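Here are a few exercises to work through with the coordinates open. Try each one yourself before reading the solution.

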Amino acid sequence: MKELKATKVIQCEATYVDLGDLAESVRPNGKMSTNVVACGIDYINKHMDMSPDKTIMHYSVTCKIWDDDFHHKIMRKNFAQHGQFKLTLKKYVLFPMFQELAPHDPHDKCGHHYAICLNLKNQRFEVLDSMRSAADAYLTSHAEFFINNVKETWNRHYENSKVQIRHFPIEYVETTNQGNTTDCGFHMLEYLAKWEGRLVPAVTAATVVELRKFYTWNWLTNEDFNKRSGGREFMEEAVKKVIKKYK
């Protein structure tokens, strides 16, 4: 069983996912890992109908910004001064965020997912969190630290652009609160996929049930996305073996 859990079942552009990680992330009351969220972002970017005016960044970009690594090659690519990655031509730039809620607890490292949108159309930063609001100092300190680093990143790469973001205020968007402490990954993926500065996706417990099915099926069986050959067949055989063992 340990070997089965460690088996790679998804290989997409940004990352790979083991069976155990996937199962933990999509089971009821399971906590989604950053690896699986990265997989979800890849899927949204490549296989969902998204406006060309919108860009969803990968976790690698979020991490480089957080660490002040402004001129890493990842940053030079994603804050390019020319071509498809030029952000001054976009209206919405979204960042996946991850915050450890108990950083000193060795047994709770999953933390919490939320999203930040750089809304260039309406000239503001928007924070979308499914569990907290502007009244939560732990959220505001985390989000504001990152946003200040985004502003500095922008200044380093687009110093001579007419589009400047230093003066943009922060808005904490009112969202539907999750009914537990575990569904934040699905809420965030919905924000990344659907937010364009106006309508907040209505994510309910029933929505999350459907998203578990939708994402898991498409991540595993879409051969244009999952480069691991025979992903569907592997899962079917694995399930047969488990059923046979526990009959």
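**Exercise 1: the surroundings of α6**

Task: find what the buried residues of α6 pack against.

Solution. Helices (H or I, at least four residues) and strands (E, at least two) are DSSP runs numbered from the N terminus, and contact means heavy atoms within 4.5 Å.

Before going on: this is a predicted model, where local features need pLDDT of at least 70 and side-chain atom pairs count only at pLDDT 80 or more, while totals for chains, interfaces and linings use all residues. Residues are numbered from 1 along each chain as its sequence is written, and side-chain values use heavy atoms, with hydrogens and water left out.

**Exercise 2: length and start of α6**

Task: check the span of α6 against its residue count, then find the residue that caps its N-terminal end.

Solution. Start with the rule: the expected span is 1.5 Å times one less than the number of residues. Helix α6 covers residues 137-157, so its 21 residues should span 30 Å. The end C-alpha atoms are 30 Å apart, which agrees.

**Exercise 3: α7 meets α8**

Task: how do the axes of α7 and α8 cross?

Solution. Take α7 (residues 184-194) and α8 (residues 205-221): their axes come within 10 Å and cross at roughly 75°. The two helices are therefore roughly perpendicular to each other (65 to 115 degrees; under 35 is roughly parallel, over 145 roughly antiparallel, the rest oblique). From α7, the contact uses F186, H187, L189 and E190, and from α8 it uses V208, L211, R212, Y215 and W219. Finally, look at burial in α8: V208, L211, R212, Y215, T216, N218, W219 and L220 are buried.

Technical notes. Polar contact = N/O pair within 3.5 Å; in protein donor to acceptor, adjacent residues only side chain to side chain. Axes fitted to C-alpha atoms, helices over the stretch in contact; angles between N-to-C directions. Buried < 20%, exposed > 50% of the residue type's maximum accessible area, 1.4 Å probe, protein only.
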